[in-house]
Amino acid sequence: MEEVPVIEVADLWLKRKGEVILEGINLKILPGDFYAIIGPNGGGKTTLLKVILGLIPPDRGIVRILGGSPYEKRHLLGYVPQLRTFDFHYPVSVREMVLSGLLGRKTGILKRFNAHDLVLADKALATMGISHLADRAIRDLSGGEQQRVVIARALVGDPQVLLLDEPTVFVDAPTETQFYDILGNLARTMTIVMVTHDIGVIVSHVTKVACLNRRLFTHDSQELTEDMIQGAYQCPVDIIAHGHPHRVLREHKKEE
Amino acid sequence: MFSLLSYTFFQNAVLAGILASIACGIIGTFVVIRRMVAVSGGISHAAFGGIGLGYFLGIEPLLGALGFTVGAALTMGELEHRAEQHMDTLIGAVWATGMAIGILFIYITPGFAPDLFGYLFGNILLVPQSDLLLMLVLVAIIVLTVGILFNDLVAVTFDEEYATVINLPVERLMLILLVLIALTVVMLIQVVGIILVIALLTLPAAISRECTGRVRTMILYAVLLGIAFTTTGIFLSAFLNIPSGATIILVSAAAYAGVLVKKHLAIC
């Protein structure tokens, strides 16, 4: 029996000012996948996530989330936007920010948080290992800590799917490993879709990889094939410029 | 000094300052954290057009101002989404148009030229009882609306995209906020005048922001600071016989400068 995809994208096209940004994208993300979408900057990774979330309407094609349209179901996903889009000077505490992730599920005019909501927030904070920061203002945190808060906000409603956009931009190297361990643990209970330009990431934890540079090159496994890289990055020199040449090449040799 | 308080006009002035400070503290906090100071500037200058129209039609100028500010707020909010114009550009257009309409209507209105200077710089010492009642109603609307929608307003002003993804009515909430700014602006025209509205919306909230990392606390501090500034300004202007609106703002600005200097010294 074939599994029902949690996210399905069929023949998706997007043009901006006459330029094709996304070209005939087909993507199926199944329950339990830890799916990495890599590709060069400007390749359309963030745009694809925004189309999936219904933030940008496509010119052609269909997006299904959990069997419904993006507008119907997007509030059930855990979305972790790029960190650089945030105003971290906003006067809000870590706990308040995490709680705001529950607002979409509240009905009625008065949206007050109850004791149960606080328990959910504490659980999400514990998962990300930042319980001790709960009452701090987000502007007083380091980049890595802020990143964890943003993920905790996405986790607070126990989503089936977690969508992450460049989650390691402001995370330094030592915490990065720790960070991926947390994501690896989360991957046991939920589907994870991660967009990144960091090719090194795919070595650990990730179960499937696709390369995106206007077109999407999929392989339905964690291996990066030469075709995918060539297709997405156009020339191998680009990969070396991205800083992980050895890992990528080694991966590649193993495959042969 | 306190003998001044036995005069009704002086009591009214202090009361008007308190009411304005409550509205400013609440709305100014959102204006500052969402970086909408320029938007408030545009809306407040659009009010001038409404005042001119009010004189021309022979109705209460403040009612005209209320119509124009709410109209400008709604138009800017809609155009930003529908016509894909930068807010920055819309602010410039609304700002200039509002002033021009005001000047034009006042020019073609027969009879005495009204005291425009009063609307530009305000005179809190001349606030009539009826305006106090209007202010009280507006403060009640602001407190009630923000009280009910507090969590939504924080979510939308903090991260609009995420608020959209979790299916909050983002566009509607932003429009409500713009209308609340418009209401506050109309009220402040009485107290400090159009020119200085921006400062009173901005300064107490800006100082408050330096002291706290929570929206709720920021609102509380901004309200208290506003009350302190307006009351000090009113007393000073009465004693020194200088314009009240300008005095209130200069008191606020001095406090803001003091906080910035203190912060700077603490860092160095």
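Mentor: Let us begin with a definition: two strands pair if DSSP finds at least two bridges between them. The model shown here is predicted. In chain A, strand β8 (residues 208-213) and strand β9 (residues 215-218) pair in the antiparallel sense over four bridges. Within this pair, C211(A) has F217(A) as its bridge partner.

Trainee: How many residues lie between β8(A) and β9(A)?

Mentor: One residue separates the two strands, which form a hairpin. In the turn, R214(A) has a positive phi of about 70°.

Trainee: How is a sheet of several strands read?

Mentor: Strands of a sheet pair through backbone hydrogen bonds, either parallel or antiparallel. In chain A, three strands form an open sheet in the order β2-β1-β4, with antiparallel pairing. Its edge strands are β2 (19-29) and β4 (60-65) of chain A, each pairing on one side only. The twist averages 20° from one strand to the next. Strand β1 (residues 7-16) of chain A is joined to β4(A) by five bridges, and W13(A) stands opposite R60(A) in β4(A).

Trainee: Why does L118(A) count as partly exposed?

Mentor: A residue is buried if 20 or more other C-beta atoms lie within 10 Å of its own, and exposed if 12 or fewer do. L118(A) counts as partly exposed because it has 15 C-beta neighbours inside 10 Å. L118(A) belongs to helix α4 (residues 115-127) of chain A.

Trainee: How many residues of chain A are in contact with chain B?

Mentor: In chain A, 20 residues are in contact with 21 residues of chain B. The side of chain A that touches chain B has twelve nonpolar, four polar and four charged residues.

Definitions and conventions:
Residues numbered from 1 in each chain as written. Chains lettered and ligands numbered in written order. Predicted model: local features only at pLDDT ≥ 70, side-chain atom pairs only at ≥ 80, totals over all residues. Contact = placed C-beta atoms within 7 Å. Nonpolar A, V, L, I, M, F, W, Y, C, P; charged D, E, K, R; others polar. Axes fitted to C-alpha atoms, helices over the stretch in contact; angles between N-to-C directions.
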